[in-house]
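Here is a short briefing to read alongside the model. Please keep the sequence and the 3D view open as you go.

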Amino acid sequence: RSLLYLFPILFMIGYYGYFHYQYIQVTTKGGGFWQLQRNWEDIQRHVKLSTPRDAMLLVPYNMEMCGFRIQSERKIIASYRDCGIVGFDYMAAKEWQKRIADIQEFKVFTDPQTIGPAIVNALMKYKVDYIVFMRYYAPSDNPVVKKIYENEIFALYKVIKGN
């Protein structure tokens, strides 16, 4: 009689174990959203460990996964998700709007030929120290930027400042 109670409980534990294992596999090795999320967190950890605390960064402003400032503990020019935070301060909202306009083409999916003005604005107006590129449009090392880290999706470049 006790087997009638024990069998369904063991079945439920086994079922839970199977689905939990599947979840762990997808989140640690899966593609799509989970791959993007893992790499986004990885680049933030690397920025936190390998850049000065007062560094200013340019990151793709329209990432669905926000929080770059929080985990990396570094300043970024702008994120489109900031609009909720600044929504009750008119001057902050105007500044946010100006910053987004300045870096409008520097986003997740873009034409690499059109990001030039956004990078120039980041370098000249905001004096960025580092740039996080999507790997598919990351440049090769040049006199302006040098790659210091990359993962499957993102590449971190240090801006080479003149003496």
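This is a predicted model: local features need pLDDT of at least 70, side-chain atom pairs count only at pLDDT 80 or more; totals for chains, interfaces and linings use all residues.

Residues are numbered from 1 along each chain as its sequence is written, and side-chain values use heavy atoms, with hydrogens and water left out.

- Helices (H or I, at least four residues) and strands (E, at least two) are DSSP runs, numbered from the N terminus.
- All 5 of the 5 residues of β3 (residues 130-134) are buried, so the strand is largely enclosed by the rest of the structure; buried means under 20% relative accessible area, exposed over 50%, and partly exposed in between (1.4 Å probe, protein chains only).
- In a regular strand, side chains alternate between the two faces of the sheet.
- Both faces of β3 are covered, with Y130, V132 and M134 buried on one side and I131 and F133 buried on the other.
- Strand β1 (residues 56-58) pairs with β3 in the parallel sense over 2 bridges, where pairing requires that DSSP finds at least two bridges between the strands; here L57 has Y130 as its bridge partner.
- Strand β5 (residues 154-159) runs antiparallel to β3 and is joined to it by 5 bridges, with L156 as the partner of V132.

- A nonpolar patch on the surface is formed by L3, L6, I9, L10, F11, M12, I13, Y15, Y18 and F19, with about 1100 Å² of accessible area together.
- Patches are made of residues with over 30% relative accessible area and no salt bridge, joining like charges within 9 Å and nonpolar side chains (Val, Leu, Ile, Met, Phe, Trp, Tyr) within 5 Å; accessible areas come from the Shrake-Rupley method with a 1.4 Å probe, and for residues only the protein chains shown count as cover.
- Y18 sits in helix α1 (residues 2-29) and is partly exposed at 45% relative accessibility.

**Aromatic pairs**

- The structure holds 12 aromatic pairs; rings of Phe, Tyr and Trp (its six-membered ring) pair if their centres lie within 6.5 Å, and planes under 30 degrees apart count as stacked, over 60 as edge-to-face and the rest as tilted.
- Y15 and F19 have ring centres 4.9 Å apart and planes at 80 degrees, so this pair is edge-to-face.
- Both of these residues lie in helix α1, 4 residues apart, about one turn of the helix.
- An aromatic cluster is formed by F106, F133, Y136, Y137 and Y157.

**A buried serine**

- S79 lies in the loop between β2 (75-76) and α4 (83-86) and counts as buried at 10% relative accessibility.
- Not counting residues up to four places away in sequence, S79 touches Y61, R69, W96 and I100, where contact means heavy atoms within 4.5 Å.

**Salt bridges**

- The structure holds 9 salt bridges, each being a side-chain nitrogen of Lys or Arg within 4 Å of a carboxyl oxygen of Asp or Glu.
- E95 meets K98 in a salt bridge (3.8 Å, N to O) and forms another with R99, the closest N and O atoms being 2.7 Å apart.
- R135 and E150 meet in a salt bridge at 3.5 Å, N to O; this pair links distant parts of the chain, with R135 in the loop between β3 and β4 (145-150) and E150 in strand β4, 15 residues apart.
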